[in-house]
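Subject: The structure, and what turned up in it

Hi there,

Here is the structure I promised to pass on. Have a look at it first, and then read on for my notes.

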Amino acid sequence: QDWGTMRCPQQQPDAKEGPQFSGRCNYAAEIENIDALMKKIVDQVKSKGEMANTLVCITGDHGEMLGDHGLQGKMVPWQASVSVPLVCFGHGVIPGTVDSDPVTTLDLPGTFLDVAGVPLAGGMTTKTMFNLFRGVKSPRRDYVSSGLNKWRAVVKKIGPVSYKLVCCRGKCDPGPQGIPEVAAGSGGDWQTLLYDTQADPYDTTPIVSKPGIILLLQQYLPEGWCPLDPSVKLLLRQQNV
């Protein structure tokens with residue numbers, strides 16, 4: 001075997017610079033290794049005859065930019081960083097079921113407890129997603145959220161569209177090209193950006209034509225983040241939105 005042909009692109013003499021070239025091969029190799037390890041666990045469960053009684057979920061605690069927008073790492077509000085995979089199979093799951101609505105990994109504990117028939121402990125806010133896996137319509141979270149350091153984000157489905165509102169202290173930077181500068185003063189210390197997560201999965205085009213959606217989503221941000229004018233907040237409450 002000529003191991004020279006098996007090298008990742010960044011190990012080649014003519015390797016290009018940038019995270020989109022230097023990280024993706026190693027990352028893919030890690031995923032392949034984890035996949036092989038997961039197979040060993042699943043095979044062991046099958047050998048015990050317990051697969052029908054076992055729910056397996058594969059997910060992550062964050063994404064990875066891997067060169068999107070010239071960035072690497074996980075500390076930004078862009079989709080490659082904040083969106084994580086969630087694949088479940090086994091007990092009660094309808095094979096081939098795909099759901100593109102927003103969900104959160106915070107609800108995995110509630111799901112596992114539900115499957116096990118164990119009630120939630122006092123103070124737990126996690127919810128179950130088991131009906132979703134079984135193809136049964138049931139109430140779900142009104143919105144999901146995320147945040148780190150200088151940004152917070154809310155994702156909510158309104159009609160057929162899953163919108164993401166990003167709120168940043170100052171400019172949402174680093175990020176995609178074309179993000180406008182933030183004027184200082186007069187509330188300009190904050191920046192809000194609205195995206196359609198399905199039509200624009202790479203956060204390339206902020207939506208500026210839907211100020212009503214922005215106002216609606218702002219109320220779901222943590223207290224003090226991109227604050228609404230009190231009169232607007234009161235109006236939204238009166239309209240029950």
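Below are notes on the disulfides, the nonpolar cores and the cavity.

Please keep in mind that this is a predicted model.

**Disulfides**

A search of the whole structure turns up three disulfides. A disulfide is a covalent bond between the sulfur atoms of two cysteines.

Cys-57 and Cys-88 make up one of these pairs, with an S to S distance of 2.2 Å. Because the torsion about their S-S bond is about 115°, this disulfide is right-handed. Cys-57 sits in strand β1 (residues 55–59) and Cys-88 in strand β2 (residues 86–90), so the bond ties together parts that are 31 residues apart in sequence. Both Cys-57 and Cys-88 are buried.

Cys-167 and Cys-226 form another disulfide, with their sulfur atoms 2.1 Å apart. The link is right-handed, with 100° about the S-S bond. It connects distant parts of the chain: Cys-167 belongs to strand β5, while Cys-226 is in the loop between α6 and α7 (230–238), 59 residues apart. Cys-167 and Cys-226 are both buried.

There is also a disulfide from Cys-168 to Cys-172, at 2.0 Å from S to S. With 110° about the S-S bond, the link of Cys-168 and Cys-172 is right-handed, and both of these cysteines are buried.

**Nonpolar cores**

In soluble globular proteins, nonpolar side chains tend to be buried together. Which residues touch the most other members of the largest nonpolar core here? Of its 14 residues, they are Tyr-163, Leu-165, Cys-167, Leu-194, Ile-213, Leu-217 and Leu-221. Two elements, β5 (161–169) and α6 (211–218), each give two or more residues to this core, and β5 supplies the largest share, four residues. Cys-167, then, has a place in this core as well as in a disulfide.

Setting aside neighbours within four places in sequence, Ile-213 is in contact with Ile-158, Tyr-163 and Leu-194. Apart from this core lies another, of 12 residues, including Met-65, Leu-71, Val-76 and Trp-78.

**Cavity**

What lines the largest cavity? The lining consists of Met-65, Asp-68, His-69, Trp-78, Gln-79, Ala-80, Pro-201, Tyr-202 and Asp-203. By class, that makes five nonpolar, two polar and two charged residues.

Key. Residues are numbered from 1 along each chain as its sequence is written. This is a predicted model: local features need pLDDT of at least 70, side-chain atom pairs count only at pLDDT 80 or more; totals for chains, interfaces and linings use all residues. Side-chain values use heavy atoms; hydrogens and water are left out. A nonpolar core is a set of buried Ala, Val, Leu, Ile, Met, Phe, Trp, Tyr and Cys residues joined through side-chain atoms within 4.5 Å. Buried means under 20% relative accessible area, exposed over 50%, partly exposed in between (1.4 Å probe, protein chains only). Contact means heavy atoms within 4.5 Å. On a 1 Å grid over the protein atoms alone, a cavity is a set of points where a 1.4 Å probe fits but cannot get out, and a pocket is an open set with protein on both sides within 12 Å along at least five of seven lines; lining residues have an atom within 4 Å of a point. Ala, Val, Leu, Ile, Met, Phe, Trp, Tyr, Cys and Pro count as nonpolar, Asp, Glu, Lys and Arg as charged, and the others, Gly among them, as polar. A disulfide is a pair of cysteine sulfur atoms within 2.5 Å.
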